[in-house]
Amino acid sequence: MHKTSEWLQSFSSTGPRSDDARVCTKISVTGGKGGVGKTSIALKAAQELAAAGHRTLLIDCDSNLSNTAIKLGLPLENKFEKILSGEAAFEDCLQRRGNFHLLPACNGSDAVFESRLNFDEIIVDIIRSHETEYDFILLDCPAGVSREALTLNAYCDHRWIVVTPDKSSITDSYSLVKLLATRFGITENHLLVNMYQTEKQFQKVVLTLSETIENFLGVRTQILGGIQRFNVSAESFDTFFLSEGSNEFNRNFVKLLTGFTEKAGGPRTTPFPGADLRTYEHDAH
Ligand SMILES: Nc1ncnc2c1ncn2[C@@H]1O[C@H](COP(=O)(O)OP(=O)(O)O)[C@@H](O)[C@H]1O
Ligand SMILES: [Mg+2]
């Protein structure tokens, strides 16, 4: 097994816990290919988990092409640079809305580009220092199969592989699962089919990918569910998908999420006391 996986195992989160220790569920939203919906899904899932009362942190792991704040219409501040330089603490860089906390990354930052620090190690350090404060930590992973992305995927309790019915997305997801299995010993992932158009197409992707993964890699695939392609401009999709209004899309997504939390044995619901549910705030603590 690879050196990085030994490094991960050295602080495995599966050690003994006292009965009252809070258990934080860590999920990476990933998939290999870009443009398949990882960021939209990670944001939506984090918002809905928070709305259900879970203290939820979303960490944007696309270190220098961060999209989470953009999709929420929040200012791009590159504050993460200050975490790298040690000038700011984690808390100073959060965007908070009720139970939902977001740690955005950077956009075209020279400091990130020049940094010799390993982004995966920084993120793992942040998780380890703050996991007792959250019920769920979600990672919005970058596209690609870099060592850093794989390490973050392997560190999480669950990996949601987002795939579209497109051949290149299916191939990239398979490659990701293969590297996670061979380099990190990961034997189970969840599959979420995004942008499918017919039920038949959804079933075909699920069957093709999960059987290939099982037969060639011996890796299990849990089916998380699917999200249909919504025929609007890309920008309108996010506005619609991330809105709080009740529509069929939202209801289906919440059902998918509840299916996951129930099976994964979701943690206790412990909302932040006195959190403002309507507006984003930062530097509030
Ligand atoms: N089910 C869907 N139907 C229509 N458009 C979608 C759907 N899911 C995502 N999109 C759009 O696809 C684009 C890429 O999504 P994004 O979440 O940024 O992907 P990634 O993070 O994988 O690169 C976004 O503009 C998003 O609004
Ligand atoms: Mg993205």
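Strand β2 (residues 56-60) and strand β5 (residues 136-140) run parallel and are joined by five bridges; two strands count as paired if DSSP finds at least two bridges between them. Within this pairing, Ile-59 has Leu-139 of β5 as its bridge partner. Helices (H or I, at least four residues) and strands (E, at least two) are DSSP runs numbered from the N terminus. The model is predicted, with local features requiring pLDDT of at least 70 and side-chain atom pairs counting only at pLDDT 80 or more, while totals for chains, interfaces and linings use all residues. Residues are numbered from 1 along each chain as its sequence is written, and chains are lettered from A and ligands numbered from 1 in the order in which they are written.

Axes here are lines fitted to C-alpha atoms, for helices over the stretch in contact, and angles run from 0 to 180 degrees between N-to-C directions.

At the β8 end, strand β7 (residues 188-196) runs parallel to strand β8 (residues 220-228), and eight bridges join them. Here Leu-191 faces Ile-223 in β8. Between β7 and β8 the chain passes through helix α9 (residues 199-217), giving a right-handed β-α-β crossover; right-handed means that, with the strands pointing away from the viewer, the path from the first strand over the helix to the second runs clockwise.

Turning to the helices, α7 (residues 147-155) and α8 (residues 167-184) pack at about 75°, their axes 10 Å apart. That angle makes α7 roughly perpendicular to α8 (65 to 115 degrees counts as roughly perpendicular). Leu-150, Asn-153 and Ala-154 of α7 meet Leu-179, Leu-180, Arg-183 and Phe-184 of α8, where contact requires C-beta atoms, placed from the backbone, within 7 Å. Five of these residues are nonpolar, one is polar and one is charged. In this classification, Ala, Val, Leu, Ile, Met, Phe, Trp, Tyr, Cys and Pro are nonpolar, Asp, Glu, Lys and Arg are charged, and the others, Gly among them, are polar.

The axes of α2 (38-51) and helix α11 (residues 248-263) come within 11 Å and cross at roughly 75°. The helices α2 and α11 are therefore roughly perpendicular. Lys-44, Ala-45, Glu-48 and Leu-49 of α2 touch Phe-253, Val-254 and Leu-257 of α11, a contact with five nonpolar, no polar and two charged residues.

Of its 16 residues, Gly-37, Lys-38, Thr-39, Ser-40 and Ala-234 come nearest; a residue is near if its C-beta atom, placed from the backbone, lies within 6 Å. The shell comprises six nonpolar, seven polar and three charged residues.

Note on methods
Parallel < 35°, antiparallel > 145°, perpendicular 65-115°, else oblique. Contact = placed C-beta atoms within 7 Å.
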